[in-house]
Amino acid sequence: MAHDESNRWLGDKPQGNLLDDVVRRVPVLAERQLPPYQRLLHAIWTDERLSAVCTTRRNTDHIRENTDAARRFEPLEEAAIHQLRDATLAHGSRLCADCDGRCSIAAGTQADLGTLTRFLTDHEHHGDRSEARRLYAELPPEARDWSGADLEAARSACPNRLDFARLLPQVERHLA
Ligand code: SF4
């Protein structure tokens, strides 16, 4: 999970700001007076379906924030988890959860739609801009070419219902 308090995470500008909405819709997280991503750690640690979380920490301050969150951890009520889920879904997912690539099969394309959207997330929300561009450039041309793809079929096939028609033009704008 990238560290950034500039509200860039999953929030998508055309749909408002996710972290602002989380503060509004899940007040218990804000009441804990933790930075945004450490609030989310409390939610993740509460959910017994998750056995581990990997976070990207770029300096010792980031590590201190995580250890502080761990020291102050108290499980959230189930209602708060549901509020967080609803706030997140309301913004529309853009992160490929990396399944079996059924989106590309459904779309009838050689383009690697999941990888393209993942690189976009890295670029826009994880602060890995140059790395995302580098990896995009390394893809074979057919993996980048989504022309002619049935993007609505891809969306229907994706467990996260990624809106490829909206996201793929952004891939080209930011990574090409
Ligand atoms: S169907 Fe969705 S989750 Fe699966 S690879 Fe494609 S974008 Fe990723």
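Let's begin with Q170, which counts as buried because its relative accessibility is 10%; buried means under 20% relative accessible area, taken with a 1.4 Å probe and protein chains only. Q170 is found in helix 11, helices here being DSSP runs of H or I with at least four residues, numbered from the N terminus. Leaving aside neighbours within four places in sequence, Q170 is in contact with R94 and L120, where contact means heavy atoms within 4.5 Å. Please keep in mind that this is a predicted model, in which local features need pLDDT of at least 70, side-chain atom pairs count only at pLDDT 80 or more, and totals for chains, interfaces and linings use all residues. Residues are numbered from 1 along each chain as its sequence is written, and side-chain values use heavy atoms, with hydrogens and water left out.

Now follow the rest of helix 11. The buried residues of this helix are F164, L167, L168, Q170, V171 and L175. They lie on the same side of helix 11, because they cover an arc of only 160° around the axis, judged by the directions from the helix axis to the C-beta atoms. Among the elements that cover these buried residues are helix 6 (102-107), helix 7 (113-125), helix 8 (129-138) and helix 10 (151-157).

Elsewhere, the largest cavity is lined by L19, V22, V23, P36, R39 and L40. (On a 1 Å grid over the protein atoms alone, a cavity is a set of points where a 1.4 Å probe fits but cannot get out; lining residues have an atom within 4 Å of a point.) Helix 1 (18-25) and helix 3 (36-46) are the elements that give two or more residues to this lining.

Terms used
On a 1 Å grid over the protein atoms alone, a cavity is a set of points where a 1.4 Å probe fits but cannot get out, and a pocket is an open set with protein on both sides within 12 Å along at least five of seven lines; lining residues have an atom within 4 Å of a point. Buried means under 20% relative accessible area, exposed over 50%, partly exposed in between (1.4 Å probe, protein chains only).
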